[in-house]
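Trainee: I have a model open and would like to learn how to read its features. Could you take me through them step by step?

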Amino acid sequence: MSFQRALVLGGSRSGKSALAERLVAALPPPHVYLATAEAHDTEMSDRISTHRERRGPNWCTVEAPKNISGALGTLPRESAVLLDCATLWLTNHMLAGSDLAAETQALLDGVHSFGGRIVTVSNEVGSGIVPENALARQFRDAQGVLNQRLAADADLVVLVAAGLPLVLKGRLPDGAA
């Protein structure tokens, strides 16, 4: 069985983006990378460069740090899209003081109504200790709710740990692991 919407979860450096890239690369082109990261420092610029180099020249990159729904609306319906990542998208909105409920609904509506296939990457942040400050707890809670809502709408949900995929919902396409 193939998927229309997939969610790939994992911790930092778990291998989630690499798996998501393989899932999208196995689909017919065009391959589109929806980037939510913003390079505010050298370290983030280096991370972005590493991801671009790993994907190679056959991917189209669309920068959409906050307006995923709008970006999806501009893409050909047959596109195979990698949205990387929902965690940075959420961070961007929290730092901007956005209405998280409204922005989350717009994101979910955009992903759900997109005609092509889409793989969303998101961090699983709720397995650690309870943060000591209110902003960090608000972020952790908002990320958990966002992940639950993305997972509910996805045909395929995979948790990646130590580079190994654990399918939580659906079935990985042959050769994807």
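Mentor: Gladly! Strands here are DSSP runs of E with at least two residues, helices are runs of H or I with at least four, and both are numbered from the N terminus. Keep in mind that this is a predicted model, in which local features need pLDDT of at least 70 and side-chain atom pairs count only at pLDDT 80 or more, while totals for chains, interfaces and linings use all residues. Residues are numbered from 1 along each chain as its sequence is written, and side-chain values use heavy atoms, leaving out hydrogens and water.

Trainee: In what sense do β4 and β5 pair, and over how many bridges?

Mentor: Strands of a sheet pair through backbone hydrogen bonds, either parallel or antiparallel. Two strands count as paired if DSSP finds at least two bridges between them. β4 and β5 are parallel, with five bridges. β2 and β4 also run parallel, joined by five bridges, and there His31 faces Ala80 in β4. β1 runs parallel to β5 with six bridges, and Arg5 sits opposite Ile118 of β5.

Trainee: In what order do the seven strands form the open sheet?

Mentor: The order is β3-β2-β4-β5-β1-β6-β7, with mixed pairing. β3 (59-63) and β7 (164-169) are at the edges with a single partner strand each, so one side of each has no neighbour in the sheet.

Trainee: How many residues of β4 are buried?

Mentor: Buried means under 20% relative accessible area, exposed means over 50%, and partly exposed is in between (1.4 Å probe, protein chains only). In β4, five of its five residues are buried. Ala80, Leu82 and Asp84 cover one side, and Val81 and Leu83 the other.

Trainee: Is Thr120 buried or exposed?

Mentor: Thr120 is buried, because its relative accessible area is 2%. Thr120 belongs to strand β5 (residues 117-123). Contact means heavy atoms within 4.5 Å. Neighbours within four places in sequence aside, Thr120 is in contact with Ala6, Leu7, Val8, Leu83, Ala86 and Leu150. Compare Pro30, which counts as partly exposed because its relative accessibility is 32%.

Trainee: Which residues have the most contacts inside the largest nonpolar core?

Mentor: A nonpolar core is a set of buried Ala, Val, Leu, Ile, Met, Phe, Trp, Tyr and Cys residues joined through side-chain atoms within 4.5 Å. The largest one has 27 residues, and Leu34, Ile68, Leu72 and Val81 have the most contacts inside it. Elements that each supply at least two residues of this core include β1 (5-10), β2 (31-35) and α6 (134-153). Another core, of 21 residues, lies apart from it, with Ala6, Val24, Leu82 and Ala176 among its members.

Trainee: Which residues lie nearest the centre of the largest pocket?

Mentor: Rolling a probe the size of a water molecule over the atoms shows where empty space is left. On a 1 Å grid over the protein atoms alone, a pocket is an open set of points where a 1.4 Å probe fits, with protein on both sides within 12 Å along at least five of seven lines; lining residues have an atom within 4 Å of a point. Nearest the centre here are Ser17, Arg47, His51, Asp84 and Leu88, among 28 lining residues. α2 gives the most to this lining, with seven residues.
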